[in-house]
Amino acid sequence: MPNSSLHHCSTLRLASLAVSLAAQAFSIVVIAQQPASAPIVLHAARLLQVDTGTLLQPGEILVERDRIRAVGTSVNHPQDAKVIDLGDSTLLPGLIDAHVHLFLHPGAEDLQTVEESVPWRTILAEQAAKADLLAGFTAERDMGTEGAGSADTAIRDAINQGLILGPRLRISGNAISILGGHEDAIGYNPEQHVLGNATYANNDAELVTAIRAELKEGADFIKIYETGPDKIADGRLTTPYQYTEEELTTAVREAARTGNRVAVHAMGEPGTLYAARAGVESIDHALQLSDETMRLMREKQIFAVPTFTIFEYLADHAASPAQGARDRQLLDLHAQEFKKQLAAGVPFAMGSDVGPFPHGTQAREFVLMVKFGMSPLAALQAGTLNGAKLLGWQNQIGALKPGYDADIIAVPGDPLQDIAALQKVTFVMKDGVIYRK
C-alpha cells in the first residue's frame, strides 16, 4: 500500500477515534450536568456563613437536586443520601467575579480582534468559562466581548442548556464607546480601517440605538466606556470623560425602560461623578473617586469593582520598563485610593478583569483586596453576597442558606485566616451538580 494511502487510512481512523471520544465526552458532560437524584450531604471541618461571619465547626449542607435544604453543624441525613466528607476544608458559597472577559486571553488585546476570527474566539471563550468554573467561580458578569459582538449570548445560552461547562453568566455583548475613545483601534494606519473593540455611539440618539441593538442580541446589561485614555502626571490621575452626565442619564433611562442596567468602565473624575449621578449599577476600576462621588455611591449603593489583579499583571508583564513603571504607579495609586473608599463606606463587588491574564487564576483579586486594606470577611462578601446583588441574583446565590441554589465550593484550611486559600479550590458544585471533587 502506498504511503499516501496508509496515511489516509490512518487519518480516517484517528478522525473516527476523535469523533468517538468526543461523543463519549459529550455524553459524560450531559450526564454530569444533571443534579443527583439522591440527596447529598456535604461535610467539612468548617462552614462559613458569609453574611454574618459565623464559622460553623464542623459544617454540613444537605443538598436535594439543585437546592440547599439545610445548613448547620449537623443536618438530617436522609436514608438514601450520599455523604461526601471534604475533610479539613471550609465550605463556602460559590465565588462571583463581577468583571471578566471570556473573549480575551493573554497577549495583545487589539491584535486578538484583528488576527482571530469570532468563531475561534468563541471556542476559546468556552474554554475560559470552564476554567473559571473549575476555579470555584460559579457566577460571573462578562464585561464585553471586545469586538466579538454578541457571541457571549451563545456562551451563556449553551451553559444554561447544559451543552458546555461554565458559570452562570450575565453578559453585556459588545461594550459601547465613542469614536476615537477607549477600545477604538487608534494605533493603526487609518487607511486600513481597523475596527475598534467596542460599538460606536457619539451622542444621545446613537447611545439609545446601540443599547437597543445590544439588548436585541441578548445582552443582560449594558457596558459603557466612560473614561480614557489614562495618565499620571505629578502624582495625579488624568482620565478624560467620554460621555456627559446627560448622555449617561439617557443611557441609564433607556436600559431601565426594559428592566436593564448600565455598568461603566471609569477610572476617575469627572467621569465617575457623572456615572454616579446618572445612577449606573457599578463603576468598574474606580481608581480615583471624589468625596462627592463616594457619597453618591454609598447613598445609591452603586458598587465599585476595583480589578486590582489586572493592574498587577500588566505591571509584571509590561512590554517595556517604562510601561511597567507606569502600570505599577497606577496600581500604587489605586491601593492608596482604595483605603479612602473603604473609609467612606463605598460598597464593593469583587471583579478581577480576567482575560488579559489567564482564566481560572482570578482568586488573586481576593488576596490583593485584603493586602490593600479590606478584611478577609469583607473581601469574601464582595465576591459572594455583593456579587449576587450586583448580578441580580440576591436571595438565590451568594450565601449558604436553605432554599438557595446549590452553588457551593470548598477550600483547604480557613480563608478567614489565609485568604489565599481561595486560590486552591478543591470542590465545586453549581446548581447541585459536582464539577470538581
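# Exercises on a predicted model

The buried residues of helix H8 (residues 291-300) are Thr293, Met294, Leu296 and Met297. This is a predicted model, in which local features need pLDDT of at least 70 and side-chain atom pairs count only at pLDDT 80 or more, while totals for chains, interfaces and linings use all residues. Residues are numbered from 1 along each chain as its sequence is written, and side-chain values use heavy atoms, with hydrogens and water left out.

## Exercise 1: the sides of H8

Task: work out on which side of H8 the buried residues lie, and what they pack against.

Solution. 
- Step 1. Buried means under 20% relative accessible area, exposed over 50%, and partly exposed in between (1.4 Å probe, protein chains only). Helices (H or I, at least four residues) and strands (E, at least two) are DSSP runs, numbered from the N terminus.
- Step 2. Thr293, Met294, Leu296 and Met297 are the buried residues of H8. They cover an arc of only 160° around the axis, so they are on the same side of H8. The arc is taken from the directions that lead from the helix axis to the C-beta atoms.
- Step 3. Asp291 and Glu299, on the other side of H8, are exposed.
- Step 4. Contact means heavy atoms within 4.5 Å. The buried residues of H8 pack against helix H7 (271-278), strand E17 (282-285), strand E18 (303-305) and helix H10 (321-343).
- Step 5. Just after H8, Gln301 has a positive phi of about 55°.

## Exercise 2: an open sheet of six strands

Task: state the strand order of this sheet and find its edges.

Solution. 
- Step 1. The order is E3-E2-E7-E19-E20-E21, and the pairing is mixed.
- Step 2. Strand E3 (54-56) and strand E21 (433-436) each have a single partner strand, so they stand at the edges with one side left without a neighbour in the sheet.
- Step 3. On average, neighbouring strands of this sheet are turned by 25° against each other, direction ignored. The axes are lines fitted to C-alpha atoms, for helices over the stretch in contact, and angles run from 0 to 180 degrees between N-to-C directions.
- Step 4. Inside the sheet, two bridges join the parallel strands E2 (residues 46-49) and E7 (residues 89-93). Arg46 stands opposite Thr90 in E7.

## Exercise 3: aromatic pairs

Task: describe the pair formed by Phe338 and Phe348 and locate both residues.

Solution. 
- Step 1. Rings of Phe, Tyr and Trp (its six-membered ring) pair if their centres lie within 6.5 Å; planes under 30 degrees apart count as stacked, over 60 as edge-to-face and the rest as tilted.
- Step 2. The count by this rule is five aromatic pairs. Phe338 and Phe348 make an edge-to-face pair, with 5.0 Å centre to centre and 75° between the planes.
- Step 3. Phe338 lies in helix H10 and Phe348 in the loop between H10 and helix H11 (364-371), so the pair ties together parts that are 10 residues apart in sequence.
- Step 4. Phe338 and Phe348 are both buried. Ring pairs link Phe308, Phe338, Phe348 and Phe372 into a cluster.

## Exercise 4: backbone exceptions

Solution. 
- Step 1. Most residues other than glycine have a negative phi, and most peptide bonds are trans.
- Step 2. Pro229 is in the loop between strand E13 (222-225) and strand E14 (231-233).
- Step 3. Pro270 lies in the loop between E16 and H7.
- Step 4. Asp431 lies in the loop between strand E20 (427-430) and E21, and is partly exposed, with a relative accessible area of 25%.

Key: Pairing = 2+ DSSP bridges.
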